[in-house]
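Visitor: I'm new to this structure and would like a close look at a single part of it. Could you pick one residue and show me its surroundings, then the boundary it belongs with?

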Amino acid sequence: MNQRPARLFARIGEARPAAAPRVVLGRAVVLGASVAGLLAARVLADHAQSVLILDRDEVGPGAEPRPGVPQGTQMHVLLPAGREQIERLFPGFSRQALAEGASLASADARRSYHDGRRKVRGSDVDMIAASRPFLEDLVRRRTLELPNVTVARGRATGLECDATAVTGVRYADDTGPAVAPADFVVDATGRSSRLGDWLEQAGWERPPLRRLAINLNYATALFRRTEANPTPNAVLAGCSAEAGGDVAGAGLSAIEGDRWIVMLGGYGDCRPGRDADDLIRRCREDFPPEFGRVVRNELIGEVRTYRQADSRRRDFHRLTRVPGGLVAVGDAVASFNPIYGQGMSSAALHAACLSAYLRSGADPRGPARGFFALQQVIVDAAWGMSTSADLARPSVSAPRPRGYRLSRWASNEIVRASISDPVTARRFDAVVEMRRHPSTLASPAVLARAVRVNRSHR
Ligand SMILES: Cc1cc2nc3c(=O)[nH]c(=O)nc-3n(C[C@H](O)[C@H](O)[C@H](O)COP(=O)(O)OP(=O)(O)OC[C@H]3O[C@@H](n4cnc5c(N)ncnc54)[C@H](O)[C@@H]3O)c2cc1C
């Protein structure tokens, strides 16, 4: 087992905001006012005299889906690692979320199934459940309370650089094209980021792009909730490739506004559609009874679908020539199969990397190699988890890496043991929740225990 990434991963997860903020920058500009951009802006507020966030959307107060974040209509789970980081950046965040209507999905109130079998409890960490727009709105309000952070509407169109570093951002707003001078720029424009094009246009290198075609289909619906504190209030029903083929699974949770959110997912030709009767029927017939109970309630609005063609990552850590004062965070760097719920928590851990980097004493106007090296640890962990599971799906066709069959066998053993063995379940959940590095599951002792458990059940 390679200890180094696991140790670094643990250290990043522990990263705390500076006790005394150290201002080392004049103006920082963050592109994108979604979760990743807002969390980066929060970190930069400790290190820059002023932080300007630019977004192509008008991002006012309010927890409604918006055009720049089309996935906002779909069910989102905030993993414990993400919640911990957000709580560190905004003390009292969870309490405030609950006071404003989010649900406490405590370990006792959550339930998980794997291929129809109810799993033992692994994690003992509380989660909060809310819609994606609700979470973003709260993060945005907390960020914009900071005296040196402002947000403006503007569509970023390119970078201004001198011979060594970025000096500004080109953007367009209602009045036409303009340039925002910057000592530090963060790209948080999401999975369709054009930073690679902008770097090339400015004479620098484009980060190598890796893609895994997954063709994932989501359908999400909202239902009225009449019970204030239902148990369970969050249920996940995962389907393995071995048993479910291209059916990814289903999820539900109680969210703000006395509502339930219910999601179905599938790969390739397994496409839950917009037909509400079909979604309700599938919930009743194909998934555990909790799903059937929730869809008896009144449907609110329409079923919303979303298709994600691929998981993708941009390897900034491999660039040999990169301008100083520039980083990228969130989906702009890596956007994974959403079924594993890693996106917002990855963004929060990228913010922790940025905090560690800016506190390290590195020259913030130099190439941010120290940042990209830390971030790579987070991206590798999430990417490895999601792509190795996706490669097992019948409709995902891509070359399997060397050793894939063995690693797949080992992870299947661990997943199967985690259904009934609380010790394996606890270890497994800590990795799924992004609180531990995946290599913590790769020890011979962990695998031997899983094999023993599975044999005793055969
Ligand atoms: C179907 C689905 C389900 C998901 N479920 C989960 C989940 O359960 N848990 C989880 O943690 N994550 C989930 N994710 C991922 C999650 O949505 C993202 O990881 C998260 O929103 C962080 O993204 P981001 O801030 O990097 O980018 P985005 O949220 O995509 O935001 C990008 C921002 O940049 C702005 N922008 C874009 N271009 C420009 C430009 N040129 N100039 C200015 N502004 C620009 C946009 O308006 C937007 O505000 C899911 C994703 C999908 C697709």
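**A glutamine and its surroundings**

Guide: Leaving aside its neighbours within four places in sequence, Gln 308 is in contact with Arg 191, Ile 214, Asn 215, Leu 216, Ser 335, Phe 336, Asn 337 and Pro 338; contact here means heavy atoms within 4.5 Å. This is a predicted model, in which local features need pLDDT of at least 70 and side-chain atom pairs count only at pLDDT 80 or more, while totals for chains, interfaces and linings use all residues. Residues are numbered from 1 along each chain as its sequence is written, and side-chain values use heavy atoms, with hydrogens and water left out.

Gln 308 is found in strand S16; helices (H or I, at least four residues) and strands (E, at least two) are DSSP runs, numbered from the N terminus. Gln 308 counts as buried because its relative accessibility is 8%. On this scale buried means under 20% relative accessible area, exposed over 50%, and partly exposed in between (1.4 Å probe, protein chains only). A polar atom of the Gln 308 side chain lies 3.1 Å from the backbone oxygen of Phe 336, and one lies 3.2 Å from the backbone oxygen of Asp 310.

Now let's step back to the domains. The chain is divided into domain 1 (3-69 + 80-88 + 134-210 + 311-389), domain 2 (95-131 + 211-309) and domain 3 (401-457), with bounds that come from an automatic or database domain assignment. The centres of domain 1 and domain 2, taken over C-alpha atoms, are 29 Å apart. Their contact takes 20 residues from domain 1 and 22 residues from domain 2.

The size of an interface is often given as the accessible area lost when the parts come together. Between domain 1 and domain 2 about 1,900 Å² is buried, and carbon and sulfur atoms give 57% of that; this buried area is the accessible area (1.4 Å probe) that two parts lose on being put together, summed over both. Arg 83, Phe 134 and Ile 339 supply 31% of the area that domain 1 buries against domain 2, more than any other three residues.

Ten residue pairs (both at pLDDT 80 or more) are in polar contact between domain 1 and domain 2. Such a contact is a pair of N or O atoms within 3.5 Å; within protein, one must be able to donate a hydrogen and the other to accept it, and residues adjacent in sequence count only if both atoms are side-chain atoms. Several elements give two or more residues to the side of domain 1 that touches domain 2, including strand S16 (299-314) and helix H5 (132-144). H5 gives the most to that side, with five residues.

Side chains of opposite charge can pair when their charged atoms come close. Across the interface of domain 1 and domain 2 the rule finds one salt bridge, meaning a side-chain nitrogen of Lys or Arg within 4 Å of a carboxyl oxygen of Asp or Glu. Glu 100 and Arg 141 meet through their side chains in a salt bridge, at 2.6 Å from N to O. The structure as a whole holds 34 salt bridges.
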